[in-house]
Amino acid sequence: MKPMIKKHWQKHALSLVAICFIFGLMNTSSNPMIIRQPDSLKAFTAYLNERIPALMSRYNIPGASIALVRGGKLVWSNAYGYANLEERRPMTVHSVCRAESISKSVTAWGVMKLVEQGFVELDAPVQRYLRHWKLPDSEFDEQTVTVRMLLSASAGMPLGEIGKAVEYVPQSEMPSLQDYLTREARLIQKPGDGYLYSNVGFNLLELLVEEVTGLDFAEYMENEVLRPLGMNASSFAWDESFGSLIPNGHELNGAPVHPYVYPTKASGGLFTSVEDIARFISSGMTGRYYASYGVLSQDSLRQMHIPQVKVSGVYRFVAESYGFGYFIETLPSGQKAIWHGGQGHGWMTHFHSVPETGDGIVILTNSQRSWPFIADLLFEWMRWNKFGSIKFEKIIYATAASWIFIGLVTLLSLTLTFNLVRDIANGMLKFAPFVTDASHVRLFKVATGMSITAFLGWRISQPYLFETSIFPTSAGWAGLALLALSVVLIVSAVFSRGQ
């Protein structure tokens with residue numbers, strides 16, 4: 001082969017390989033827009049029965065249960081995959097799952113029930129109702145924390161401990177609610193000064209409920225909210241009768257997570273089934289689809305759906321505002337969507353509802369790899385209902401962008417490696433780590449390579465990172481691509497042009 005032709009071929013071969021790599025990765029990412037979707041409920045659910053197992057396989061999700069609400073009624077539910085992989089026990093619509101932060105929406109109903117009955121005022125300081133416990137001192141005025149602020153995640157309370165630090169074997173000894181709050185409920189932001197997602201804030205509402213009613217929180221919620229709404233498979237307390245109905249959760253790497261409980265209940269302690277959450281969102285419809293279950297009036301429901309605070313941080317990418325226990329977004333069609341998701345150790349859950357039209361969807365999964373899966377299903381559901389796009393779709397496009405990033409980093413690494421090997425083979429580069437030739441360029445390469453390596457080391461050492469849940473598949477590949485780039489940069493820095 002002639003030298004010029006050979007050089008030309010080598011140059012474009014690398015580009016071709018990289019381009020093929022990028023498009024190959026993009027092909028494995030979500031691309032729902034190319035699929036034609038049916039219109040009727042029967043056809044759509046048949047479509048879901050094909051689509052969902054394919055998505056579960058793509059994202060390596062063991063089990064999922066899905067429910068649809070139309071006209072304010074539960075009209076369809078189904079389950080897929082496994083509740084327990086080791087036993088090959090299937091997931092069913094009766095499986096009792098961890099709702100995680102969907103619990104906040106249900107808890108908000110319990111608090112609003114007390115507001116309706118006149119036992120609690122939304123704009124009263126929460127300390128007024130806490131006779132046996134006092135908010136810990138902080139640099140901010142604890143007396144300005146109101147019930148409204150706690151319901152709308154604007155009280156300035158921290159997120160609180162998450163993960164294994166607050167997980168306990170069912171029926172084992174745990175810290176009391178008061179002990180937990182004494183440790184966690186310290187203000188980190190001026191009350192009312194903006195949105196701050198907080199488990200602690202809702203767990204403080206749990207104590208409010210117990211102080212006002214004199215009942216255990218789980219007992220109050222069962223009597224006043226869950227049973228009246230027909231949520232007979234749900235409980236905020238561990239029940240031995242759950243038995244084999246509870247699936248294992250699964251970590252990002254697929255490791256099983258056995259059933260656990262928190263020392264608190266209001267922010268993430270609900271055990272429930274997919275059909276019970278469908279009944280819950282059915283009960284929250286307004287207008288022509290409102291039905292009284294003796295829990296909350298339509299006025300109270302509408303008040304809960306009013307934006308109280310503009311969301312900030314990462315949440316601003318998937319929602320506009322927060323009401324009382326609900327994220328809120330105005331759809332292109334003009335209707336208001338309310339929703340909440342949940343994420344815990346081994347679990348991801350979500351519901352979306354449009355109260356004005358009586359439509360809703362529930363997605364429960366026993367895997368922490370489920371955000372792209374949930375985003376795909378929401379995209380399909382929104383398109384089926386002709387609601388237009390939602391902010392949650394950004395996860396789909398971000399996933400595609402992450403694969404493009406991986407492809408570009410891989411292309412850069414391949415190009416640098418090819419050039420390095422070629423120049424060494426041609427005698428243009430010599431191993432000379434200590435010479436001063438082009439020292440600033442070589443120092444830049446070493447510094448960049450070491451910085452990337454240090455970042456990856458820090459990333460691996462973290463018990464949980466937000467982006468790994470958003471990009472459960474591509475995050476690992478991105479790490480490998482960056483590691484390869486750092487190695488190439490450092491190795492190339494120890495070679496110098498021959499004199």
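What follows is a chat about the predicted model shown above.

Me: Is this predicted or experimental, and how many helices and strands are in the chain?
Reply: The model is predicted. The chain has 14 helices and 15 strands.

Me: What box do the C-alpha atoms fill?
Reply: Roughly 90 × 55 × 45 Å, taken along the principal axes.

Me: And what percentage of the residues in the chain is buried?
Reply: Buried residues make up 53% of the 499 residues.

Me: Take helix 8. Is it enclosed or open?
Reply: Helix 8, residues 274–283, is largely enclosed by the rest of the structure, because 9 of its 10 residues are buried.

Me: Which residues in helix 8 are buried?
Reply: Val274, Glu275, Asp276, Ile277, Ala278, Phe280, Ile281, Ser282 and Ser283.

Me: Which way do strand 10 and strand 11 run, and how many bridges join them?
Reply: They run antiparallel, and 4 bridges join strand 11 to strand 10, residues 327–330. Phe327 stands opposite Trp339 of strand 11.

Me: What about the hairpin of those two?
Reply: There are 5 residues between strand 10 and strand 11, and Gly334 in that hairpin takes a positive phi near 100 degrees.

Me: In what sense does strand 12 pair with strand 11?
Reply: Strand 12, residues 347–354, pairs with strand 11 in the antiparallel sense, over 7 bridges. His340 has Phe351 in strand 12 as its bridge partner.

Me: How many residues lie between strand 11 and strand 12 in their hairpin?
Reply: There are 2. Gly346 in that turn has a positive phi of about 95 degrees.

Me: Switching to rings. How many aromatic pairs does the count come to?
Reply: The count comes to 22 aromatic pairs. One of them is Tyr195 with Tyr315, at 5.9 Å centre to centre and with 75 degrees between the planes.

Me: Why is that edge-to-face?
Reply: Planes over 60 degrees apart count as edge-to-face, and the angle for Tyr195 and Tyr315 is 75 degrees.

Me: Where in the chain are Tyr195 and Tyr315?
Reply: Tyr195 is in the loop between helix 5 (177–184) and helix 6 (199–213). Tyr315 is in the loop between strand 8 (309–310) and strand 9 (321–322). The two are 120 residues apart, and the pair links distant parts of the chain.

Me: Buried or exposed, for Tyr195?
Reply: Tyr195 is buried, with a relative accessible area of 6%. Tyr315 is partly exposed, at 24%.

Me: Which cluster do ring pairs link Tyr195 into?
Reply: The cluster holds Tyr195, Tyr197, Tyr315, Tyr322, Phe327, Trp339 and Phe392. Phe327 and Trp339 are also the residues that stand opposite each other in the strands.

Me: Which ring does the charged end of Arg70 sit over?
Reply: The ring of Trp384, at 4.0 Å from its centre. Another case is Arg88, which lies over the face of Tyr82, 4.2 Å from the ring centre.

Me: On to salt bridges. How many does the count come to?
Reply: The count comes to 16 salt bridges. One of them joins Asp137 and Lys134, with the closest N and O atoms 3.4 Å apart.

Me: Are Asp137 and Lys134 buried or exposed?
Reply: Asp137 counts as exposed at 59% relative accessibility, and Lys134 counts as exposed at 52%.

Me: What does Glu222 meet in a salt bridge?
Reply: Its partner is Arg227, at 3.5 Å, N to O. Glu222 counts as partly exposed at 31%, and Arg227 is partly exposed at 30%.

Me: And Arg422 with Asp423: what is the N to O distance?
Reply: It is 3.1 Å. Arg422 is partly exposed, with a relative accessible area of 33%, whereas Asp423 is buried, at 5%.

Me: Which residues do shared partners join into one network?
Reply: Arg51, Glu380 and Arg383 are joined that way by salt bridges.

Me: Last topic. Which residues form the nonpolar patch on the surface with Leu483?
Reply: Trp477, Leu480, Val487 and Val491 form that patch with Leu483, and together the residues have about 450 Å² of accessible area.

Me: Where is Leu483 found?
Reply: In helix 14, residues 474–493. Leu483 is partly exposed, with a relative accessible area of 38%.

Terms used. Residues numbered from 1 in each chain as written. Predicted model: local features only at pLDDT ≥ 70, side-chain atom pairs only at ≥ 80, totals over all residues. Heavy atoms only, no water. Phe/Tyr/Trp six-rings, centres within 6.5 Å; stacked < 30°, edge-to-face > 60°. Buried < 20%, exposed > 50% of the residue type's maximum accessible area, 1.4 Å probe, protein only. Lys NZ or Arg CZ within 6 Å of the ring centre and 35° of its normal. Patch = residues over 30% accessible without salt bridge, like charges linked within 9 Å, V, L, I, M, F, W, Y side chains within 5 Å. Areas by Shrake-Rupley, 256 points an atom, 1.4 Å probe, with all protein chains shown as cover. Salt bridge = Lys/Arg side-chain N within 4 Å of Asp/Glu carboxyl O. Pairing = 2+ DSSP bridges.
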